[in-house]
Amino acid sequence: MGFYYLIDKTEESIRPRYMETVEESLNDTAHILSAIVEERLEQNPLTYSKFSETLHSLFSPVFENTNKRSFEAKIYSLLKTNTDIQVYITNTKGIVIFDSEKYREGLDYSKFNDVYLTLQGKYGARSSKLIDTEGEGALFVASPIRYKNQIVGVLTVIKPKTGVIPFIEEAKKKFWRISLLVASAIAILFSLLAYLSFRPILRLSKYVSSLRKKEKIVFPKLGIRELNELGKEVDLLVEEIEGKKYIESYVQTLTHEIKSPLSSILASVELLQSHPNESTRLIKNIHEEGKRIQKLIEQMLELSSLEGNKSISLEERVLLYDLVKEVLLNFQSELQWKSIQVVVNAENQTLEVQGNRNYIYLSVENLIRNSVDFANENDTITIGIQEETNGFLKFSVMDEGHWIPDYALTRVTEKFYSLPRPNNNRKSSGLGLSIVNQIVNLHGGKLEIQNRNPRGVLVSIFFPKT
C-alpha cells in the first residue's frame, strides 16, 4: 500500500512537471518574439506610430507560411505533422491588435492575467480554455514589448494542451510499466526473502511438533545460526525432560514387572527349606523365573536403546530368506516339542532389505517367538517373503493359534501390554511387539497385525525396497 501510494503520487506529478517544462519553453519563445518586435521598433522609430500594421507585416506572412507547412516529425513514439503555437499581441490598454488566428483582434484582454500582470511589469501567465470549452484548454505565457524603456505592448504565446497531452499520457504509460516491473521485482524479492526467512522457522516448528508427538526425526538444517542454537537448546531440553520421565517410567515398570517373578523365587527358596523332597520342582521354578527376569531386562535394554535412537545406520543389505533360516535354527527344540511345522514361502530367495541386520534379526525373532508361544500342538506356521507392487517387500508370519481379542488389536504394540500364553496362562514382558514396531519405524516400514479366519493371527512387516 505504501508503494502504491508513492507511485500514485509520483504519477500525479507527471502532468504538472510536463506543463512546467512547456511553460518554460513558451516563456523563452515569448521573449524571443518580443525581442524581434523591439528590434524592429529600434531600427525604424516611425513604425511605432503604425504599431498594428508593423506587427501584421512582421508576423502574418510567417504564420501563414507556417500553417501551410506539412511535415512528419517522429518525437519519441509520437508523430507530429503541424505546428500549433499561437500568438496574440495587445497594446498598452490590453486591446488585441494582432492575432495569429485573427478572431481575437479588437477584443479586450486587459483583465486576463497574462496581459494584466505583464503590463504591471510582472510575470504574466495563465491556463484557460480556447474556443472549445470542453477541451483541455491552453497555456498562455506573455512577454512585455518595450520601446524607450516603456511597455508599449504585450506578446502572448499560446500552446494548446492537446499537443502536450499525448506526451503526458505516453509518459504515464511508460511510468506505470516500469512501476509494475519494479513492483513485481520487489514482490518476488520480498517473497523470496520471506520464504528464506520463514522456512527455517517452519522447519523448527515442525521439528518441535514432532518431538511433542514423540516421532523420531532428525534435527533439520536451519541455516540461521540463532535458530540453530534455539532448536538445539529446545532439543536438549526435550531430551532431558523425556529422559527423566523415561527413567522414572523405566524404573517403575521394571520394579513392577520383576516383583512377581522375584516373589515366586523367594517363595520357592522358603519352600526348599521346609520341603526338601520337592527340590526338583522348586529349583525348576526358580530357574524359569530367573530366566524370565533376565529376558525382561534384556528386552528393556533393547527397547531403551531403540527409543533413544532417532536414526540408525541402514547401510547393510540383508537377505531375508537366509535370515529367516538362521532364526529358525534357534527354535528347533521348541518346534519339535510342540510338533509345529514351519513353511517358508519365498517367491525369490534373493530378495534383500537395506537396513540394520541385527535389528531386523531381532524383529523376525520376536514375531516367530510370538507365533510359537501361541500356536497349538501340530499347528503350521507359515512365513512369507514376497515383493509387493507398491514399492515394499512383505515379510509375514501366519499361525493357526488363538485370535487376538478385538480390544487388544490396537494395543499389542504398546510397551508392557501382554496377553496370557495359552500353555501356562502366564503373561510375557509385553515388550516384543513394541520392539518390533520401533525397529520397523526406524527402517521406514510399517507393521500390520490382523486376525485370520477361522483362527490364527497374521503379522506382516512391509520394508521399503532397496
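Start by selecting Lys 148, which sits in the loop between strand 6 (138-147) and strand 7 (150-160); helices (H or I, at least four residues) and strands (E, at least two) are DSSP runs, numbered from the N terminus. Its phi is near 55 degrees, a positive value in a residue other than glycine. Lys 148 counts as exposed at 62% relative accessibility (buried is under 20% relative accessible area, exposed over 50%, partly exposed in between; 1.4 Å probe, protein chains only).

A quick word on the model: it is predicted, so local features need pLDDT of at least 70 and side-chain atom pairs count only at pLDDT 80 or more, while totals for chains, interfaces and linings use all residues. Residues are numbered from 1 along each chain as its sequence is written, and side-chain values use heavy atoms, with hydrogens and water left out.

Next, pick Lys 102, in the loop between strand 4 (96-99) and helix 4 (113-119). Phi there is near 75 degrees, again positive in a non-glycine residue, and Lys 102 counts as exposed at 52% relative accessibility.

Now jump to Pro 454, in the loop between strand 13 (446-451) and strand 14 (457-464). Check the peptide bond joining Asn 453 and Pro 454: it is cis, with omega about 15 degrees.

Last stop: Thr 54, in helix 3 (residues 51-68). Thr 54 is buried, at 10% relative accessible area. Leaving aside residues up to four places away in sequence, Thr 54 touches Arg 40 and Thr 47 (contact means heavy atoms within 4.5 Å).
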